[in-house]
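My entries follow in the order I made them.

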Amino acid sequence: MCPGGANRKVAELKVAALDVQHTISSPAVCAGIGVHTGARVRLSIRPAPADTGIIFVRGDERDLDARIPATADYVASTNLGTTLRNRAGVEIATVEHFLAACAGLEIDNLIVEADGPELPILDGSSAQFVQLLMSAGTKAQHATRRSIEIIERISVASGDKSASLEPAERAEFDVTIRYADAPIGVQRRRYFPGRDAFLHEIADARTYGFLSDVEKLHAIGRGLGASYENTVVIDGGRVVNDDGLRFEDEFVRHKILDAIGDLALAGAPILGRYVADQPGHALNVKLVQTLLDTPRAWRWAPPDVLAAMAERQVAAFAAAG
Ligand SMILES: [Zn+2]
């Protein structure tokens, strides 16, 4: 990289370190089908003032309160995706890939109006949400972004699955998945959050499923929109999509993407190390709820901690050349 580019990058990192909140510069629209409902849905995404957070709005809901904040308090279900529900009983399903895109791009405040009960699955990753939000442009706001600093380890487990958050000098995801069979097998990946890292390592990783599960899903009225266009499909120990995989370890990358989306339900970035073995939405949401219910485990990161973290990010960038 040329020295000018490096200097600009360091300057960008320092600005990011000051950590103001962001929204988008202009409204954006997209449409697609829900992976579970199979129904077409249109999304209209608008800028929102500082301290709004991400708020979903059901545009097709005329009679009830249609606003659904994207925080852990509003999680209704974690079965085959994360579904939120407000006090009036209005729901929005499959929010995790959109929330991952927002967290990955460090966008804090948005109004996201959907004219149906499930977000579009698009290509099964965050890639198209990322394109949409980036083409809308991000806009810095006159408000500090707060981060949740982990100061005491917490963990949750369910059977042979586990997830924890522990103190760390910089945010990190360390995820392991274990399947008996090819092509997944055992995959482990570590990820250090940052806008560029998200774009290059995580955003494009698609959701996956086994062909043998399709009939079971359809029998319970789920997965009606799933197809080779939005899911990596595995059958007989191999990926059956014509185009194969986007990354050799696309599966564990997608698990990290899901975790980024689910952890965003904490309502602020988490400064700590997330370590998970065979995580899923249920475990991730339980981890966030446990965190928020355990005041001794976290604090709002003070400015000196954020500044030190920023220095380390700049140093890591410089070391990487
Ligand atoms: Zn997913």
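I take helices (H or I, at least four residues) and strands (E, at least two) as DSSP runs, numbered from the N terminus. The model is predicted: local features need pLDDT of at least 70, side-chain atom pairs count only at pLDDT 80 or more, and totals for chains, interfaces and linings use all residues. Residues are numbered from 1 along each chain as its sequence is written.

**Entry 1: helix α2**

I began at the end of α2. Glutamate 106 follows this helix, and its phi is positive, near 60°. Next I looked up burial. I call a residue buried if 20 or more other C-beta atoms lie within 10 Å of its own, exposed if 12 or fewer, and partly exposed in between, with C-beta atoms placed from the backbone. In α2 (residues 96-104), 9 of the 9 residues are buried, so the helix is largely enclosed by the rest of the structure. Among them are Glu96, His97, Phe98 and Cys102. What do the buried residues of α2 pack against? I found strands β4 (54-58) and β9 (110-114), and helices α3 (127-136), α4 (195-202), α6 (250-263) and α7 (281-292). Contact here means C-beta atoms, placed from the backbone, within 7 Å.

**Entry 2: α6 and α7**

I then checked how α6 and α7 cross. Their axes come within 9 Å and cross at roughly 35°. Axes are lines fitted to C-alpha atoms, for helices over the stretch in contact, and angles run from 0 to 180 degrees between N-to-C directions. From α6, Asp258, Ala259, Asp262 and Leu263 make the contact; from α7, His281, Asn284, Val285 and Val288 do. I sorted the contact by class: 4 nonpolar, 2 polar and 2 charged residues.

I moved to the strands, which I count as paired if DSSP finds at least two bridges between them. β2 (residues 28-33) and β3 (residues 40-47) pair antiparallel over 6 bridges. Alanine 31 has arginine 42 of β3 as its bridge partner. The two strands form a hairpin with 6 residues between them, and glycine 38 in the turn has a positive phi of about 75°. β3 also runs antiparallel to β9, joined by 5 bridges. There, serine 44 is partnered by glutamate 113 of β9.

**Entry 3**

β11 (residues 148-150) runs antiparallel to β21, with 3 bridges. Isoleucine 150 is bridged to tryptophan 298 of β21.

How values were computed
Contact = placed C-beta atoms within 7 Å. Nonpolar A, V, L, I, M, F, W, Y, C, P; charged D, E, K, R; others polar.
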